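This report covers one protein chain. It starts with the overall fold, then turns to one helix and the loop after it.

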Amino acid sequence: MQMRFDGLLGFPGGYVNPSEETLEAGLSRELLEELGVALPISAEDHVDCCHAPASSPSSTSRLISHFYVKKMEEEQIKEVEKEAASTATDHGQEVLGMVRVPLYNTKNGGGLAPFLSHSFIGNARSQLVDSLLRLDMIAPEELHKALAHSLKIHTHTAEDLQAALMRTEAKRNWF
Ligand SMILES: O=c1[nH]cnc2c1ncn2[C@@H]1O[C@H](COP(=O)(O)OP(=O)(O)O)[C@@H](O)[C@H]1O
């Protein structure tokens, strides 16, 4: 996945106008901008589509979100990571960095649970969860455990946030 410019986690991709190009060509174009690699995408890689939520309750959205999944070898993934941080035109602007998803739970509750407790764009968290299940990348009970634990993490971090807030407050009062 990637850390986006807005501080949210999401998948590489972007807007495509289907009257100008096919969805697959548009996705390949976006991937080139964000990952620095021209990955061929075919209609067979398409797994899901849904109406994107409207930006405000009173507006209606004509946006449809399409999700594609492509299996890659580890070497190819390493190559993408390298290019994403060097040649990709969006690096450091639209995209702040690629991140790997930890597909494990550590004994002290680390790994996938804290990853899932981050903030995601749109329905990216559900897209991740659905993909992990669809591709049999993690046992459903492990995923369930991580999701259940991730729900409890925010209350836990609130204390640290509060402390950080107080430190900025103290610094502000100096000037
Ligand atoms: O990973 C994702 N999952 C689901 N929706 C996403 C994801 N990334 C972006 N979106 C949605 O897709 C739309 C276009 O995203 P973005 O602003 O990244 O496109 P752009 O790269 O063409 O500017 C936005 O409405 C955003 O909410």
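## Terms and model

A residue is buried if 20 or more other C-beta atoms lie within 10 Å of its own, exposed if 12 or fewer, and partly exposed in between, with C-beta atoms placed from the backbone. The model is predicted: local features need pLDDT of at least 70, side-chain atom pairs count only at pLDDT 80 or more, and totals for chains, interfaces and linings use all residues. Residue numbers run from 1 along each chain as its sequence is written.

## Overall fold

The chain has five helices and five strands. These are DSSP runs numbered from the N terminus: helices (H or I) of at least four residues, strands (E) of at least two. Their order along the sequence is β-β-α-β-β-α-β-α-α-α.

Along the principal axes, the C-alpha atoms fill a box of roughly 55 × 45 × 40 Å. Of the 175 residues, 14% are buried. Two residues are in contact if their C-beta atoms, placed from the backbone, lie within 7 Å. Among contacts with a separation of 6 or more, 53% join residues 24 or more positions apart.

## Helix H4

Helix H4 spans residues 124-134, and its buried residues are Ala124, Gln127 and Leu128. They lie on the same side of H4 because they cover an arc of only 100 degrees around the axis. That arc is taken from the directions from the helix axis to the C-beta atoms. Their cover includes strand S2 (9-10) and strand S4 (64-68).

Asp136 sits in the loop between H4 and helix H5 (140-174). Its phi is positive, about 55 degrees, although Asp136 is not a glycine. Asp136 counts as exposed because it has 8 C-beta neighbours inside 10 Å.
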